[in-house]
Amino acid sequence: FCNQWLDVVGLAVTGRLLERTMRIPRLGRKGAEHLAADMNYILNVFTALGVSGHPHPLLGYVAQLVTLDDQLLRSKIQLRRSDNDVSGALEVIKRVELRIAYVRSISV
């Protein structure tokens, strides 16, 4: 019962955090560092709980993207643009990368 409850709570927290992250209008360097620290804290909490499937991989990926070097983020986006795979998960990743670049004012 506890693991089922923690799974539901973990999914809700992850979903809400990612949703609110995608709504950030602009993100400077200091804000990006703060957001990455907060996300990494949540990642550590989920890891310590040991619930199967947590932390969600997308949470860790977004935590990396917000502080990734500008040129590396541009390169990732350009590589994905050339990829014709339109599977659901890959499409989400493409959109997340584009959104993070946009809020960080990185032209792609």
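The model is predicted. The protein has five helices and zero strands. From the N terminus on, its elements run α-α-α-α-α.

**Overall dimensions and surface**
- The C-alpha trace of the protein spans about 45 × 35 × 20 Å along its principal axes.
- Of the protein's 108 residues, 31% count as buried.
- The accessible surface of the protein comes to about 6,900 Å². Carbon and sulfur atoms account for 59% of that surface.
- Take the contacts between residues at least 6 apart in sequence: 67% of them join residues at least 24 apart.

**Helix 2 against helix 3**
- Helix 2 covers residues 29-49, and helix 3 covers residues 57-65.
- The two helices pack at an angle of about 155°, and their axes lie 9 Å apart.
- Angles over 145 degrees count as roughly antiparallel, so helix 2 and helix 3 are roughly antiparallel to each other.
- The crossing of helix 2 and helix 3 is left-handed.
- Helix 2 makes the contact through Ala36, Met39, Asn40, Ile42, Leu43 and Phe46. Helix 3 contributes Leu59, Gly60, Val62 and Ala63.
- By class, this contact has eight nonpolar residues, two polar residues and no charged residues.

**Val92**
- Val92 sits in helix 5, which covers residues 88-103.
- The relative accessible area of Val92 is 40%.
- Val92 and Leu58 are 34 residues apart in sequence. In space, the two are 9.5 Å apart, C-alpha to C-alpha.

Technical notes:
Residues are numbered from 1 along each chain as its sequence is written. This is a predicted model: local features need pLDDT of at least 70, side-chain atom pairs count only at pLDDT 80 or more; totals for chains, interfaces and linings use all residues. Side-chain values use heavy atoms; hydrogens and water are left out. Axes are lines fitted to C-alpha atoms, for helices over the stretch in contact, and angles run from 0 to 180 degrees between N-to-C directions. Helices (H or I, at least four residues) and strands (E, at least two) are DSSP runs, numbered from the N terminus. Angles under 35 degrees count as roughly parallel, over 145 as roughly antiparallel, 65 to 115 as roughly perpendicular and the rest as oblique. A crossing is left-handed if the near helix is turned anticlockwise from the far one by less than a right angle, and right-handed if clockwise. Contact means heavy atoms within 4.5 Å. Ala, Val, Leu, Ile, Met, Phe, Trp, Tyr, Cys and Pro count as nonpolar, Asp, Glu, Lys and Arg as charged, and the others, Gly among them, as polar. Buried means under 20% relative accessible area, exposed over 50%, partly exposed in between (1.4 Å probe, protein chains only). Accessible areas come from the Shrake-Rupley method with a 1.4 Å probe; for residues, only the protein chains shown count as cover.
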